[in-house]
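This report covers aromatic pairs, nonpolar cores, a hairpin and a pocket. Please view the structure alongside the text.

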Amino acid sequence: MELEAVGDLAINLILSKLEPKEVGAVACVSKKFRVSASDELLWSKFCFHDLDLSSPLDHLGNPIPSFKETYQIWREAFRMYPWPLVRRVKRCWGRLRSWLAANLPEAEATLRKGVSEEEIKGLERSLKVKLPLPTRVLYRFCDGQDVMAGNLEAVSLGLIGGYSFYDHFVNVYLLPLRSVIIETKEIVRKLGFSATSKYILVASSSTYIEKLFFLDWTTGQLHVGTRNLTTDGEMIPCVPAGIISSVHDVKSTHQQDAMLLWLEEHCRRLESGMIKIREQGKFRGISQFPEEAPLCSTAVTNNVQVRASSVFVPELSDLQNESEKYIFSYSIRMRLLPEGCIINGLYYDSCQLHWRHWIIRANDQVISDFDAEAVIGKFPLLFPGRKDFVYESCSPLPTSQGSLEALGTQKGVLLRLWCHDFTCKYQNIFSEVKLRTIKSTK
């Protein structure tokens with residue numbers, strides 16, 4: 001009775017401090033509490049906090065009359081999953097979609113609506129697997145991408161993106177469930193895996209030399225194929241096994257498999273500007289070459305800025321070949337800063353690279369030494385405010401660690417461009433690359 005005498009404002013304040021489940025329990029106490037517990041402002045806060053919803057929409061994007069009903073529909077639709085996991089996955093997909101909508105809307109348009117629980121069970125029956133909980137929820141929110149093989153307009157629209165050098169082009173997209181079933185059966189047959197294989201194909205490139213990602217549904221680990229994938233099934237793990245946990249445990253409070261970790265880290269790199277959109281001819285897509293520290297080296301000499309970064313290329317690497325175990329692709333981007341080139345206190349409105357010297361080392365041992373004029377047959381002429389001159393190539397290393405140092409000359413003046421260390425520990429997203437930058441020399 002004493003609680004009944006409390007004013008509506010005080011009751012609303014108390015309810016705002018409670019969890020949604022507790023508010024539901026309070027609503028059963030009396031008619032007055034039921035009215036207060038149905039306040040739209042209260043449930044709009046719950047929807048925003050838990051689901052990042054600023055308007056009442058269900059999990060399929062359909063409008064709902066009220067925030068309270070919206071919250072109830074979401075809880076019912078995902079009642080078979082731990083709620084903290086649902087909130088985490090919803091936030092991950094929301095961030096990815098927002099970034100794509102602002103930076104690459106044509107790729108955002110390829111994302112499919114989520115699948116039903118029955119569709120997931122259909123895949124599990126067809127492939128005789130049990131998907132990790134985080135992967136199941138990921139597909140409930142988004143069923144991969146609509147990127148048809150051979151579609152030149154969509155060749156660069158993969159959510160994961162990629163890289164290019166010489167005639168090698170890679171762009172990775174997420175497979176929808178129907179393709180997961182078809183492609184997994186085909187690859188299992190082609191590679192000679194057992195009928196009860198623990199691997200399913202979840203992401204792929206549509207290029208001549210495919211880059212294929214496999215989810216081990218028993219452990220939640222993600223693997224990427226090497227050059228030897230088709231001959232002996234050789235793969236490399238993508239994330240540290242120690243951070244994968246509780247992938248099949250509904251009662252755990254911290255489920256995370258490699259798929260979820262992979263997408264969350266990818267999202268972080270996109271939002272931080274570490275990786276960006278790259279325009280190449282008429283195509284636009286996400287480039288995996290890092291453009292920000294600590295995974296990108298930068299050096300400025302005489303006002304010539306050079307940035308360099310690298311990615312590990314597993315699909316061309318051969319772990320059984322002593323000289324080409326690890327293939328790295330590197331990207332060099334040169335530009336002249338707005339003040340122009342400064343040499344011996346004199347200013348020039350342009351500069352041109354005439355000579356370059358690449359020194360590639362593996363564990364401090366020189367394995368390649370290129371000393372010649374031009375780069376890819378070009379003498380790049382740099383002007384202030386112009387686009388970067390971009391040069392991308394690759395190098396095989398016998399070890400997982402190495403470095404590449406570059407020197408150049410402009411009008412007889414030595415430019416110490418950059419020194420970049422390669423370290424292959426985990427594939428692409430979780431690569432740990434040690435960098436050092438050589439400061440400018442006047």
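## Aromatic pairs

Tyr 163 and Phe 165 are both buried (under 20% relative accessible area with a 1.4 Å probe and protein chains only; exposed is over 50%, partly exposed in between). This is a predicted model, where local features need pLDDT of at least 70, side-chain atom pairs count only at pLDDT 80 or more, and totals for chains, interfaces and linings use all residues. Residues are numbered from 1 along each chain as its sequence is written, and side-chain values use heavy atoms, with hydrogens and water left out.

The whole structure holds 15 aromatic pairs. Rings of Phe, Tyr and Trp (its six-membered ring) pair if their centres lie within 6.5 Å; planes under 30 degrees apart are stacked, over 60 edge-to-face, the rest tilted. Tyr 163 and Phe 165 are stacked, at 6.5 Å centre to centre and 15 degrees between the planes. Phe 312 and Tyr 326 are tilted, at 6.1 Å and 50 degrees. Phe 312 sits in strand β12 (residues 304-312) and Tyr 326 in strand β13 (residues 326-336), so this pair ties together parts 14 residues apart in sequence. Helices (H or I, at least four residues) and strands (E, at least two) are DSSP runs, numbered from the N terminus. Phe 312 counts as buried at 4% relative accessibility; Tyr 326 does at 18%. Trp 43, Phe 46, Tyr 71 and Trp 83 form one aromatic cluster.

## Nonpolar cores

The largest nonpolar core has 93 residues. A core is a set of buried Ala, Val, Leu, Ile, Met, Phe, Trp, Tyr and Cys residues joined through side-chain atoms within 4.5 Å. Trp 93, Phe 213, Leu 222 and Leu 263 have the most contacts inside the largest core. Its largest share, nine residues, comes from α6. Another core lies apart from it, with 15 residues, including Val 306 and Cys 341.

## Hairpin

Strands β17 (residues 355-362) and β18 (residues 365-373) pair antiparallel over eight bridges; pairing takes at least two DSSP bridges. Ile 360 stands opposite Ser 368 in β18. The two strands form a hairpin with two residues between them. In the turn, Asn 363 has a positive phi of about 50 degrees.

## Largest pocket

The largest pocket holds about 430 Å³ of space. On a 1 Å grid over the protein atoms alone, a pocket is an open set of points where a 1.4 Å probe fits, with protein on both sides within 12 Å along at least five of seven lines; lining residues have an atom within 4 Å of a point. Grid points are joined across faces, edges and corners, and the volume is the space filled by probe spheres set on them.
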